[in-house]
Amino acid sequence: MSKEENSQVVVRKEKLAAIVQAGVSAYPNDFRPQQSLAQLLDTHGNQQDEAILATVSVRVAGRIMLLRSFGKLTFATLRDATSSMQVAVQRDEVGADIYNTVFKKLDVGDWIGVEGFLFRTKTGELTVRVQRFCLLAKALRPLPEKWHGLEDIETRYRQRYLDLIVNPEVRTLFQTRSKIVGRIRATMEENGFLEVETPMMHPIPGGAVARPFVTHHNALDRELYLRIAPELYLKRLIVGGFEKVFEINRNFRNEGLSTRHNPEFTMMEFYQAFTDYHELMAFVEHLVVQVVQHVNEGRLVVEHQGVRIDFTPPWSRLTLQEALVRHAGATLAETLDRQGLAALAAKHGMEVKPEWDDGALLLELFETLVEEKLIQPTFIKDYPISVSPLSRRSTTNPEIADRFELFIGGWEIANAFSELNDPQDQAERFHAQMQAKNAGNLEAMHFDDDYIRALEYGMPPTGGAGIGIDRLVMLLTNSSAIRDVILFPQMRSRD
RNA sequence: GGGCCGUUAGCUCAGUCGGUAGAGCAACAGACUUUUAAUCUGUGGGUCGCUGGUUCGACUCCAGCACGGCUCACCA
């Protein structure tokens, strides 16, 4: 028996044929529900007076989730987008002929519309007494089992619609994701930011250190790259005179998949003229607090994978060096020069690659020894210039970038900096990246002539930040895998 | 890409020492007008992920492959 034609599908197709044979349309499109199930329950859930309930005219639609048949009476549990509700179909109410030839051919999974009045069963459940019903869509495949639902992780991801039908918490999670994005957008707009859309297909990939996807445009006969970040385009808009812009959209990176990495993922990036990374720290803190409260009933403490995360501001602010001292047992002296850093790496059995400069070594040490320990929201600031090719140099120390990253739950959630608006310095940074690329670093940046030209027209002093939306959603929905917060995660094709 | 684990009916899962597979739900037939995962009686349903190998005999042991999960590496 092939997967496409198992016996249950055969039976359902036969039922469908019998229904059509009886002159009933199996896929009509003229039924309009009068109220949602939630509206019915909200309005009449407390009404005990049978005489009043019997006057409530009902017209609702839903998917049959359960059927309990007693021969001449059948209870069905319907579910729509808002709620679930029981309906009772009696043979003598809808007519013996239609009851036997059509209603008895319905299955769990079918969509139906019903009309009737309300009543309470003897167990007290608010129920629709059905006088007329119509089939809205016949399901040809059976739903997963009603007790355990769909547990197979692979099927849940590949057939997300099934996951959504039988696992209500999945629907709730994606509603929460929508609320998170909605709250971010609202907060940005409240603060005067303009939402924009910049290209997803880039002639030159830029704005991040990552490997891109390559595609080909036939009419232009040229390679295009799916964007790895919108950064350089958004800053062109600051050059163009917009002073506050943001974009919520997908980035694509041609790298490995894991519980925290999907090839396409969602970022919110924003840029604001006349601010710096210190002020951005306060704004990011404000923004995330707004979001957490919005989806967490006003509370700022979240449980994630068994760990309490407290978003109550102000959050810790540490330099990279301070973080190594506090969380990796380093001495301050060890963090200050190459010799100390190398000794620290040796102490922890870390390999030091020859191409790493001091800055790269410092960052590697941080990522290996500290990052996963930053469970409570923590800003890490003052990154080495060599690993921050788009960031402004510190006024007091030209080897340090005016940059911070936000860590929560051991993950990098945000990356922000005062933007480099000196076109000559930026050109030098691009040259350094190209040298790294020529030396074999596949993630190194390209030289973007037009971006340099844009800066040469003058970009006002600007601060910018990117926030990883998927990981934020993971934190706020207690998810351990990024695939749980992406509706259709990337999967290998199956023959 | 490496390591470990998994893949059995539509779904959720058992399967002993190597002797050609079971349960619950779902389905089908029947009974039943107040159930809540309704109940009761009966019936059907399997390329045991795929391909090889060992063996008289493989769901079971071995190898390769596919897909998935966890994890390491890379990254956000």
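Is the crossing of α8 and α16 left-handed or right-handed? In this predicted model, the crossing of α8 and α16 is right-handed.

**Helix α8 with helix α16**

Helix α8 spans residues 168–190 and helix α16 spans residues 469–476; their axes come within 10 Å and cross at roughly 125°. That angle makes α8 oblique to α16. From α8, the contact takes in Arg-177, Ile-180, Val-181 and Ile-184, and from α16 it takes in Ile-469, Asp-470, Leu-472, Val-473 and Leu-476. By class, the residues of this contact are seven nonpolar, no polar and two charged.

**Helix α9 with helix α15**

The axes of helix α9 (residues 231–239) and helix α15 (residues 449–456) come within 9 Å, with a crossing angle of roughly 25°. Because of this angle, α9 is roughly parallel to α15. The crossing of α9 and α15 is left-handed. On the α9 side the residues are Leu-232, Lys-235, Arg-236 and Val-239, which meet Asp-450, Tyr-451 and Ala-454 in α15. The contact of α9 with α15 divides into four nonpolar, no polar and three charged residues.

**Helix α12 with helix α13**

Helix α12 (residues 338–347) packs with helix α13 (residues 358–369) at an angle of about 35°, and their axes are 10 Å apart. The crossing of α12 and α13 is left-handed. Arg-338, Leu-341, Ala-342, Leu-344 and Ala-345 of α12 make the contact with Asp-358, Leu-361, Leu-362 and Leu-365 of α13. These residues divide into seven nonpolar, no polar and two charged.

| Helix pair | Axis distance | Angle |
|---|---|---|
| α8 and α16 | within 10 Å | roughly 125° |
| α9 and α15 | within 9 Å | roughly 25° |
| α12 and α13 | 10 Å | about 35° |

**Cavity**

How many cavities of 30 Å³ or more does the structure hold? The structure holds one cavity of 30 Å³ or more. About 40 Å³ of space lies in the largest cavity. Its lining includes Pro-205, Ala-208, Ala-210, Pro-212 and Ile-228. Also in the lining of the largest cavity are Lys-437, Leu-442, Glu-443, Ala-444, Met-445 and His-446. By class, eight of the lining residues are nonpolar, one is polar and two are charged.

**Backbone features**

Most residues other than glycine have a negative phi, and most peptide bonds are trans. Two places in the model depart from these patterns in the values below.

Which form does the peptide bond from Pro-313 to Pro-314 take, cis or trans? The bond from Pro-313 to Pro-314 is cis, and its omega is near 0°. Pro-314 lies in a loop, between β13 (307–310) and β14 (316–319).

Asp-221 is not a glycine, yet it has a positive phi of about 50°. The loop that holds Asp-221 runs between β8 (214–217) and β9 (222–226).

Technical notes. Residues are numbered from 1 along each chain as its sequence is written. Chains are lettered from A and ligands numbered from 1 in the order in which they are written. This is a predicted model: local features need pLDDT of at least 70, side-chain atom pairs count only at pLDDT 80 or more; totals for chains, interfaces and linings use all residues. Side-chain values use heavy atoms; hydrogens and water are left out. On a 1 Å grid over the protein atoms alone, a cavity is a set of points where a 1.4 Å probe fits but cannot get out, and a pocket is an open set with protein on both sides within 12 Å along at least five of seven lines; lining residues have an atom within 4 Å of a point. Grid points are joined across faces, edges and corners, and a volume is the space filled by probe spheres set on the points. Ala, Val, Leu, Ile, Met, Phe, Trp, Tyr, Cys and Pro count as nonpolar, Asp, Glu, Lys and Arg as charged, and the others, Gly among them, as polar. Axes are lines fitted to C-alpha atoms, for helices over the stretch in contact, and angles run from 0 to 180 degrees between N-to-C directions. Helices (H or I, at least four residues) and strands (E, at least two) are DSSP runs, numbered from the N terminus. Angles under 35 degrees count as roughly parallel, over 145 as roughly antiparallel, 65 to 115 as roughly perpendicular and the rest as oblique. A crossing is left-handed if the near helix is turned anticlockwise from the far one by less than a right angle, and right-handed if clockwise. Contact means heavy atoms within 4.5 Å.
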